[in-house]
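Please open the model in a viewer and keep the sequence panel beside it. The stops below say what to select next and what is there.

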Amino acid sequence: MPKQVGNLTLYSVDDLHEQLGLSKMTIRAYLREGKIRARKLGVKWYVTEEALREYFNEPTGASKTQKKKPKNYRYVVKGINDLVSEQEECETIDETIECIEEQAIISLFQVAIIDRETDEVTELIKARDFLDRHT
C-alpha cells in the first residue's frame, strides 16, 4: 500500500511489484539505472506519482508537445572515507568516467551529481554504479 506524506504519494518496490506485475529485481534495476526516478530512504526505494507519469510519458500540468529542458549537472568524484581524501570536479559524464577509471581502487570512490542551477546534490552514487549506468 502506497505511503501518503502530506499530498505526496510514495510507492515502494513492493507496491510497484504488486501493481505493475514486474519482478522486484527488474524494478530495482530500473531505479538504479535511472529509468524511473526514485529516492532511497534508508534501505528502501520510493517512487512518486510524478516519476511514474514521467516514465509512462504522461506529463503533468504541461502540454504534451512541451519538452523539458535537459538538466545541467556537474560531477564530483570523491573518496568515501578519511583514507582517500581526493576530490575532483568534472564537467561531463565522459570526463567523470575517465577520472574514475584512473583510480586504483574504484570501490573507494563515489560521485556526487550536482545541479548547476541550484548547486544541490541530486544524487550520490558509488563510482562503480556510475560506470555501470554510463558505460
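**First stop: Thr96**

Select Thr96, which counts as buried at 0% relative accessibility; buried means under 20% relative accessible area, exposed over 50% and partly exposed in between, with a 1.4 Å probe and protein chains only. This is a predicted model, in which local features need pLDDT of at least 70 and side-chain atom pairs count only at pLDDT 80 or more, while totals for chains, interfaces and linings use all residues. Residues are numbered from 1 along each chain as its sequence is written, and side-chain values use heavy atoms, with hydrogens and water left out.

Thr96 lies in helix H4. Helices (H or I, at least four residues) and strands (E, at least two) are DSSP runs, numbered from the N terminus. Show the contacts of Thr96 next, where contact means heavy atoms within 4.5 Å. Leaving aside neighbours within four places in sequence, Thr96 is in contact with Tyr75, Val77, Cys90, Val111 and Phe130.

**Helices H4 and H5**

Now display residues 93–101 (H4) together with residues 127–134 (H5): the two helices pack at an angle of about 135°, with their axes 10 Å apart. The axes are lines fitted to C-alpha atoms, for helices over the stretch in contact, and the angles run from 0 to 180 degrees between N-to-C directions. That angle makes H4 oblique to H5, since angles under 35 degrees count as roughly parallel, over 145 as roughly antiparallel, 65 to 115 as roughly perpendicular and the rest as oblique.

Which residues make the contact between H4 and H5? On H4, select Ile93, Thr96, Ile97, Ile100 and Glu101; on H5, select Ala127, Phe130, Leu131 and His134. Coloured by type, the residues of this contact divide into six nonpolar, two polar and one charged. Here Ala, Val, Leu, Ile, Met, Phe, Trp, Tyr, Cys and Pro count as nonpolar, Asp, Glu, Lys and Arg as charged, and the others, Gly among them, as polar.

A disulfide is a pair of cysteine sulfur atoms within 2.5 Å, and a search of the whole structure finds zero disulfides. Cys90 is buried, with a relative accessible area of 0%, and Cys99 is also buried, at 3%.

**Helices H2 and H3**

Move to helix H2, residues 24–33, whose buried residues are Ile27, Ala29, Tyr30 and Leu31. These buried residues pack against helix H1 (13–20), strand S4 (44–48) and helix H3 (49–55). Just after H2, Gly34 takes a positive phi of about 85°.

In H3, select Leu52, which is buried with a relative accessible area of 16%. Not counting residues up to four places away in sequence, Leu52 touches Tyr11, Leu16 and Val47. A distance label between the C-alpha atoms of Leu52 and Arg37, 15 residues apart along the chain, will read 7.9 Å.

**Last stop: Asp119 and the whole chain**

Go to the loop between strand S7 (109–115) and strand S8 (120–126), where Asp119 is found. Its phi is near 60°, a positive value in a residue other than glycine.

Finally, show the whole protein, which has five helices and eight strands, following the pattern β-β-α-α-β-β-α-β-β-α-β-β-α along the sequence. Of its 135 residues, 30% count as buried.
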